[in-house]
Amino acid sequence: MFDFAAYAGLFSAAFIAATIFPMQSEAILVGLILADRYSLVGLLLVASVGNTAGAAVNWLLGRGVERFRDSRWFPVSEDKLDKAQVWYRKYGKWSLLLSWLPIGGDAITVAAGVLKEPLPTFLILVFIGKALRYVVLAAATLSLI
């Protein structure tokens, strides 16, 4: 069954959760899975694309960090951004697979922008990491793991 509002809501929550605003997309995904009215693959795809798109906003902020770094609304503190840059320099683009982490994940995506990771590579690796997180969550919700 296709319910535009449910998928749009999930996309929006996943998008916002990956940006500077506090939001939890996991609870919405679990609720929609448990409703058993929606395509599991569709839900996972929508959540993963939304979360990746939100992370791309962080990448863009990283690209313009010098203009925004001192802004109150900037999503990552100076200290976290410095730590993320050290982490990113040490582990490189592969650290983007951990962009789903609740602590430090946003900083990694901003650092990727600061350090000018190419957008296609960024999107692929972030999508993989975020999709795997949602797949594990779905499997746990369905008692498959």
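Colour the protein chain by pLDDT (the predictor's confidence in each residue, from 0 to 100): the lowest mean is in helix α4, residues 65-68, at 72, and the highest is in helix α7, residues 119-141, at 97. Over the chain the mean is 89, and 95% of residues reach 70 or more. Helices are DSSP runs of H or I with at least four residues, strands are runs of E with at least two, and both are numbered from the N terminus.

The model is predicted, so local features need pLDDT of at least 70 and side-chain atom pairs count only at pLDDT 80 or more, while totals for chains, interfaces and linings use all residues. Residues are numbered from 1 along each chain as its sequence is written, and side-chain values use heavy atoms, without hydrogens or water.

Next, select α3 and α7. Their axes (lines fitted to C-alpha atoms, for helices over the stretch in contact, with angles from 0 to 180 degrees between N-to-C directions) come within 8 Å and cross at roughly 140°. That angle makes α3 oblique to α7; under 35 degrees counts as roughly parallel, over 145 as roughly antiparallel, 65 to 115 as roughly perpendicular, and the rest as oblique. The crossing is right-handed, meaning that the near helix is turned clockwise from the far one by less than a right angle, anticlockwise being left-handed. Show side chains in contact (heavy atoms within 4.5 Å): α3 contributes residues including L44, S48, T52 and W59, and α7 residues including F122, V126, K130 and Y134. This contact divides into 17 nonpolar, 3 polar and 2 charged residues. Ala, Val, Leu, Ile, Met, Phe, Trp, Tyr, Cys and Pro count as nonpolar, Asp, Glu, Lys and Arg as charged, and the others, Gly among them, as polar.

On α1, select Y7, L10, F11, A14, F15 and A17; their partners on α3 include G42, V46, G50 and V57. The residues here are 12 nonpolar, 4 polar and no charged.

Finish with helix α6, residues 105-114, against α3, residues 40-63: the angle is about 45° and the axes are 6 Å apart. That makes α3 oblique to α6, and the crossing is again right-handed. A55, N58, W59, G62 and R63 of α3 meet D106, T109, V110, A112, G113 and V114 of α6. By class, there are 5 nonpolar, 4 polar and 2 charged residues.
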